[in-house]
Structures are given as structure tokens and as C-alpha cells.
Amino acid sequence: MDRKQCCVKLSVQPSRGLMDEKFIVLVQNALPGSQLTIRALHQCEDGHSWEAFGHYTADTTGTINLSEDPSIRGTYSGVEQMGLLWSLRPIPGSKPGLRMRKKNIQTPMEVTISVYQGHQTEGFADLVPLSGVVVERWYMAPGVRGFQLQKVDSPQPFFLPLGPGPFPGLLDLYGLGGQLVEYRAALLASHGFASMAIDYVNSKFTIETGKMVDSQYFETAYRVLQQHPQVCKSRIAMIGFSFGTSITLKMAIYSEIIKLSAAVCISGSHVQPVDGSVEEILRFSYKNAGKTRFSEKDEKIWRDQLLPIPTDPSLKADVGRLQCPLLLLVGEDDQSCPAQESALDIKEMMAQAGNSHLLTVLSYPNAGHLIEPPYTPHTRSSNFRTTGMPEKVMYLWGGQTVEHSRAQEDAWKKILVFLRENLYGGRNPTLFSHL
Amino acid sequence: MRGFRFIRGTMWSVTRPLLQECTLTCYRLLSAMTQAVPPILSVTPSRALVDEKFQVLVENLPPGCPVTLCSLHRSEDKDDWEAYGHYVSDHRGVVSVSEDLSFGGTYTGKEPMGLLWSMRPVPGSRKGLRLRKINVCTPMLVNISVHSGHEGFRDRTPLASALAERWYMAPGVKRIDINKQGVQGTLYIPPGPGPFPALLDMWGGGAGLLEYRSALLASRGYVSFSLDYLWSEYLSADVEFKYFETAFNIIRNHSQVIPDRVGILGSSLGSMVAFDLTAYSTIIKPRCIVCISSNHYHPPGTTLKAGFKILSKHFHKAHFDENNHMSWRSFALDLIADPSNNVEVGRINCPMLLVNGCDDQNWPTVETAEEVARLLREGGKEHLLSRLAYPGAGHLIEPPFSPHFRATKFIILNSKEKVILLWGGHTKAHSDAQEDSWRKILSFLQLHLYHSPSVKANL
């Protein structure tokens, strides 16, 4: 029997982890100095396959440790402990414009990690690996309970940590993608926040009337969250992504009912009609549809629609009136939203109003629009259908993979620390040292 | 002596009210806090294999606050098992089970995994219980919670909880029922292309078919076959012997197994079968064997059940301890004193690892290991043998962080009579032995089954 075949041992620890936890990939008992390829393969819920790989050389003890040893080339290079996840991309021959988003968060993302002889770049399906393991990546920690909270309009997914509580609450808003995203709320619940993912795009009202819901929809969600016996009434925050930022700012500043302890805004803008309804805010950004550009690959670039940042205060949410801490996350290569320009203007407005001590801006060079939880593969452009539009079109989100992935990792840690400080009180980030 | 007791009594009468006052203050603080937010309890990793460590951390407590960390598990038999440790938070309001000391409870001192290995049935449970997972496709769920104060912590609702999943099976491990050529058992196959080294895994008498160790071994890279071997009545010892040889060959011939890298792992009665097969078989050659709680008692020409009948004739000589728990150790020592009763282990030609507890009250396993050493030495083969003997450990040496069972209910095979058998061991020492021996067993298997030059005996 081939000694090489018998020797190589591959292990990934932990084999079952949360999506934001690091793992250690270790190859042992390889021939010293041998060239090996370590590859990750994942099949999405929609049937598409994604892969990542790195080329390594075993050391004198026949070991490769991904947290210490560099990948010479592959879908990532250098010492990249989590490169096998964040550099995942559709396998050659896949249709363009794919994006990885998990719908069913009750089951884990399964990734098969294998080690192959030599430095391979393609044709993995025809090769027999030396060794392989399966790794599970979960959005939900054990004990987190996911259920539907009944609302006026429609039930909303709600994730409650285990234990008596009471827990600080979170209202989680994604963008206009049309598909309800629960995974971030589930992951935040795994860190101790009672999180409600608000589906404002597919509400009964919107489906019936074709119009966007209004403030009352979000205020009702806030009330329902507050009234839950295991939620701390006075410690509720809102986290909004993309268009979700516009809603978050609107609620934080103008709502008489919603009183937030903190707000997190990712890849968004404050440019919107002052105290406009949600419908009006949406129409406002579509008004400038003529400003849409196209990249050389014919991808839609949306960022100019809100530019230049207006000087007219009636066209911007009045951030000078904010009374809670605000964390702004910006990808400097965001091609969908002028998040960086907006952040600069927000800073100026708050400095003038005297509440800039509430503001923290995290701005990431070469990060794009889709700032997701850590190790989510970077999507520079994808097929997307926005609310009110009939067809899916290729949109450019921006970002360079390495920097974007670093941004996701850093941003998440800082979001958790920010939420912990403002909702739990105290500054003890020891908990996140393993992330 | 009286003087000391007086001093100790006085100190206690001073410190106890102080501790109570401290607890009350913290409790009040915590109550006020819990109107707002509770402490934060985390277990990392929350999903792990049973032989992996975790870190339990509590944050957001008031500083210098006495708390109790508690673990609770409901077994498949619906019994509740618990462990707890008394801690005091530091100036930041943090308790770290990995770093801090427990001052009382089911374990004391710096014990990162104390909440698991020191588990025992909750007060009021049935006697003589043993914790074993039968369905290994699901995890063992352990609820970890933090309570305010030390004494009487159970009367108060927990401040925070977390759930830990402890798995015997890694993702991708396959479980296959085997019923082939008359052989019954369960096969576990690691994920990956294979082929893999493999193990024939045998437990002792009275346990039924236990699969968890095989599941764990497969999670560590070995095809492992948990063999069911006490369900049948054999006509003769030869027929029974063939059963084991057939089982070994089923593994050896499996498409996912490297045929010349198959070992045997046996515990208690299973270790006797390991010795027997390796010493006498002309058709199977294990690459190496591991014997936990070594037993080489096998009167020639007897089946296992017949051998057990012979053993039971000596039960009247069994020693009963102060709790009326039955120990076989002393009469067993007499039995094995006669070498004609025993497997001729001197005939074995492959590497062997023997793992035993010095406080084994069920079987003279350490003496057995010494005898094995002596016989091998006579044959110039002592280099094949590695022995681990753990002071304070008992008979039931399980995977790491499993609770310790000093005595449990046992059904005497032939008579169906229930007794409580004394296995021995003292919890802390026994748990250390389980943790240390597992690492060494894996290391031994890795050496001999994953990459060994062949070790030939000097004949």
C-alpha cells in the first residue's frame, strides 16, 4: 500500500463552528517537503458549487498548519488561516453573477476540505484526494431558539438566546434584495442579542398594494420586541444594511416611538428626503436612475444616484438630532452606494450639531458594498433584482477580495464590541478573542 | 485536635456570615442588574467532539461576586446528571473556568473541564447509574448555567445559561450496521477518500453494544468496528473463536480499509478477546493491540459465557465494601495465579499498549499487566510492550471528560441477578487518567497504524 496515501492526516478544529469562528486546518504525516494542495468545496442550497484552494509545502516534520504557513498561490496566498472560506468562488464553468447566501439557517453550511498531491489548480473532480474532512459552519449556536413573532402585518423571524434573559433586543434590516435574510440576526442571537429580522420588502401590504410599508410597520416591530418577556425594554438597537441604513436613520432620528440605545449602519447613506416616508425615500433614489453608469463588463453601478451629496438639509436625514451612539461601516470601493461620501458628510453635520461624540466611522479601503459576516465569500458583482424592478440585472458591488474579506472580519468584531458596550454595558471584549 | 477544631469552628463562624453578607450584596446588585441586563455566559466551542476541551466564561458580573457554575445533562435514560463549582468574579466581573479556581462543589481547583468529568447523578436519583450514550448520531447536550452565590444556589433561578453540544461523531463520519457472515456490530467510517487504518473495538461484559468509542475513533481517522459479541450462545470455544476471526476479516477486507493496518482495541473482557485472538489465531495478524483494563483470564476450551459461569462460582468469595458494593478483585487474583487459566500472552508478536487503573477493584488489571510484561521478557519481546498504570484510577477507563463511575448496577449475565459492582477509582485521579490515556492511545495508534515501520519481534 502506498505509504503516502496512508500517512497524510487532515484535521480541522473545530469541525463544527459558528460562521464567525476561526478554525485551524492541520495537515500531518505528509512527506517532508512535499507539495500539497488544500482545497475547500461547498455546495450551496441552490445547487452551485464553490471552491477555494491554496498551494503549500510540508515542512521538515511533514506538517502544514494554515494559521502559520503561507499558501504560495491559489485562490488566496500568504498566511491565511481562513482563506479556504473567504476566497471561495464558483467553480469554473458556473454561470456568472452568483452570490452565496444561506436561506435555511437551522442547518449548517457544509464544507469539504481535502488535501491533494502536488500543486493542482483545476480538474479536482477527477483527482482522488489524499485525505478529506467535512466541516460544519453554523449561524445558530446551540440553544438559540428561532421562531416567528406575530406582528400586525406578518410574522417576523425572531432569534432568542438561551437562558432566562432578559436580553438586549436588535432589529435587523437588510437591503432591497427581495429575499428575507435571517442569518445575521441568527448569528447576533448566538452572541446574546434577541434579534428580529424585519422583512419589510415582502410584507403583505407591499405585496397587495405595490407600495412600501411605512414607519408604523417598524414601530410595531419595535413594540412587539419590547413587549417580549425576555427582552430588555430599554436596550434595543437597530442594525441596517444598504437601504436598511436609510430606514434605521429615519427611525432613530424621527420616530416618537422608537428609542434606540445604539444604531449600526452598514454601506448606506443619509441622503433621503427629511422625514420622508419609506416609499418616498425609495422613490427618491430611483429618481436619479439616469445617473446609473455601467462598467466595462456591463454591470450596473448605482453609486452616483445619490451624488453629489446635497447641501440642502431637506434632502438629508438630520443626523445632528441623533441621540444614540452610531456606528457607520463604509467600504471605500462601494459601487452601489456613496457610503464614504455620506459618512464624511454625516461627520460634518454631527460636528456642527455638537453630537459627533456619538459617531464612530469604520472606513475600509478596497472594501465593497456587501459587508457581510466574516469569511462570507466576497461578491464583487452579482445578478440582482431590486424591489419594484421586473428583471435581474448584474450589479457591481465593488471591493477587492483580500481587503474586503479583512474588512468583514474586522467590522464584525467591532460591531459586536459596539453592541456589547452599548447594550450590555461594560467593556470586556475577552469573549471575542477567538474570533 | 480539639483545639484545631475550635479554631476552625471560630474562623468559620466569622467567615460564614461575611460570605453570606457578600452573597446578599452581590445578589442585590445582580437583581438590580437583571432588571437591566444579565451576566453573559459563553461556552467556546459550543459544538465539540467529546475529547475536545471548551472554555467557559462569565462576564458582566459585579466584581468580587460569589457565583456557582453548574452543568446539567439529561441522559437518554432520563436521569439528570450535574456538576458545579463555586467561583468568585475578579475586579472586571469575570469568571473564567479555564483560569480561575473552584472553591467547592463537585470539583475544586483549576479545572477547565470539571463541569463535565465531575458530573454525577443529581441528589435523589436511582442508585448505581452509569452514563453511556447509545445514539451517537446526536450530540450529548449539556446545559451550563451561572447562579448567584454558593450555598443554596439551586434554589435560585440561573442568571444566564448556555448549551454545549458534545459529539462522538465528527461531521462526515458514516455509520453502517453490519450483519454479515453471522457477525453483528456497527461500523464507523471516517470522512474522506480512504482507505484508512482500522480497529476492531470490543467492550466488556454486561454493557451491551456500545458504539461511542468507535464513533470517536472514526472521528480521529480510523475505520472502527464496534463488535457485538455476547448475544449468542456458542456451541464451542472454537466456533466462538471463529466469530472473532471472521469479524476481524470483515474489517480487513472492507474496501475502505488498508488490510495490513488493522489493530484491536479491547477493554475489560474485550481485552481478553484481544489477547486471545492475537496469541492464538493463525489467520489474522493485528498490527497492534490496545488493552484497557487488561484481562487475560480464559480457561482453555471454554466459551466466554462458560468462562463467566466458572467465574460466578467464585462470587461467594467476593468482597463487599462498606456500601455493599461487590468487588471481584481478590478472588480474581487467585484465579489468575494459575497460569493454565490464562491466555498465553507470551505468544504475542505485535506492539501492545496496556492501560490500567491502580485502584481497579473489579479485576487485578495491574497484576495482569505485570504478568504480561514478565512473559514477554522471558521471550525477549519486552520491547513490544508499553504499559500505563494510573494511581487512583478504576476499571472503567472511558474517553476523556466522561464522568467517573466508582460503582454501578450490573446484571450478572447468566442469572439476571442485579448487583452493584465496585469498579474503583477516585474521581479526580480517574478523570486525569482518562484524559491522559486517551491522548496516549491515539498517539500509539497513530504511530503503529498510520505510519509505522514494521516492528518485528526478536524470535
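**Entry 1. Terms and model**

I take buried to mean under 20% relative accessible area, exposed over 50%, and partly exposed in between, with a 1.4 Å probe and protein chains only. I note that the model is predicted, that local features need pLDDT of at least 70 and side-chain atom pairs pLDDT 80 or more, while totals for chains, interfaces and linings use all residues. Residues are numbered from 1 along each chain as its sequence is written, chains are lettered from A and ligands numbered from 1 in the order in which they are written, and side-chain values use heavy atoms, with hydrogens and water left out.

**Entry 2. Helix H3 of chain B**

I looked up helix H3(B), residues 212-219, and found eight of its eight residues buried. Helices (H or I, at least four residues) and strands (E, at least two) are DSSP runs, numbered from the N terminus. The buried residues of H3(B) are Tyr212(B), Arg213(B), Ser214(B), Ala215(B), Leu216(B), Leu217(B), Ala218(B) and Ser219(B). Just after H3(B), I noted a positive phi of about 105° at Gly221(B).

**Entry 3. Chain B as a whole**

I recorded nine helices and 21 strands in chain B. Of its 459 residues, 61% are buried. I then looked up its contacts, a contact being heavy atoms within 4.5 Å. Among those in chain B between residues at least 6 apart in sequence, 71% join residues at least 24 apart. The accessible surface of chain B is about 18700 Å², and 55% of that belongs to carbon and sulfur atoms. Such areas come from the Shrake-Rupley method with a 1.4 Å probe; for residues, only the protein chains shown count as cover.

**Entry 4. Nonpolar cores**

I used nonpolar core for a set of buried Ala, Val, Leu, Ile, Met, Phe, Trp, Tyr and Cys residues joined through side-chain atoms within 4.5 Å. In soluble globular proteins, nonpolar side chains tend to be buried together. The largest core here has 133 residues, and those with the most contacts inside it are Ile38(A), Ile113(A), Leu171(A), Tyr200(A), Phe218(A) and Leu419(A). Helix H9 of chain A (residues 401-424) supplies the largest share of this core, nine residues. The core draws at least three residues from each of domain 1 (3-138) and domain 2 (145-423) of chain A. A second, separate core has 82 residues, including Val183(B), Ala218(B), Phe225(B) and Val372(B).

I also looked up Leu171(A). Not counting residues up to four places away in sequence, Leu171(A) touches Met196(A), Ile198(A), Ala221(A), Tyr222(A), Leu225(A), Ile236(A), Ala237(A), Met238(A) and Ile239(A).

**Entry 5. Domains of chain A**

The bounds of domain 1 (3-138) and domain 2 (145-423) of chain A come from an automatic or database domain assignment. I found their C-alpha centres 33 Å apart. Across the boundary, 23 residues of domain 1 are in contact with 31 residues of domain 2.

**Entry 6. Two covered strands of chain A**

In a regular strand the side chains alternate between the two faces of the sheet. I checked strand E11(A), residues 156-160, where five of five residues are buried. Gln156(A), Phe158(A) and Leu160(A) lie on one side, and Pro157(A) and Phe159(A) on the other.

I count two strands as paired if DSSP finds at least two bridges between them. E11(A) pairs in the antiparallel sense with E10(A), residues 145-149, over five bridges, and also with E13(A), residues 194-197, over two bridges. Phe159(A) is the bridge partner of Gly146(A) and of Ser195(A) in E13(A).

Strand E15(A), residues 262-266, likewise has five of its five residues buried. One side carries Ala262(A), Val264(A) and Ile266(A), the other Ala263(A) and Cys265(A). E14(A) and E15(A) run parallel and are joined by five bridges, with Ile239(A) opposite Val264(A).

**Entry 7. Annotated active site**

I found that UniProt, in an unreviewed entry, lists Ser242(A), Asp334(A) and His369(A) under "active site". They span 128 residues in sequence, yet no two of their C-alpha atoms are more than 10.6 Å apart, so they gather at one spot. UniProt positions are given in the numbering used here, feature names are shortened, and annotations may be inferred rather than shown by experiment.

Ser242(A) sits in the loop between strand E14 (231-241) and helix H6 (243-254), and is buried at a relative accessible area of 18%. His369(A) sits in the loop between strand E19 (359-364) and strand E20 (381-384), and is buried at 1%. Leaving aside neighbours within four places in sequence, I noted that the contacts of His369(A) include Ser242(A), Asp334(A) and His404(A).
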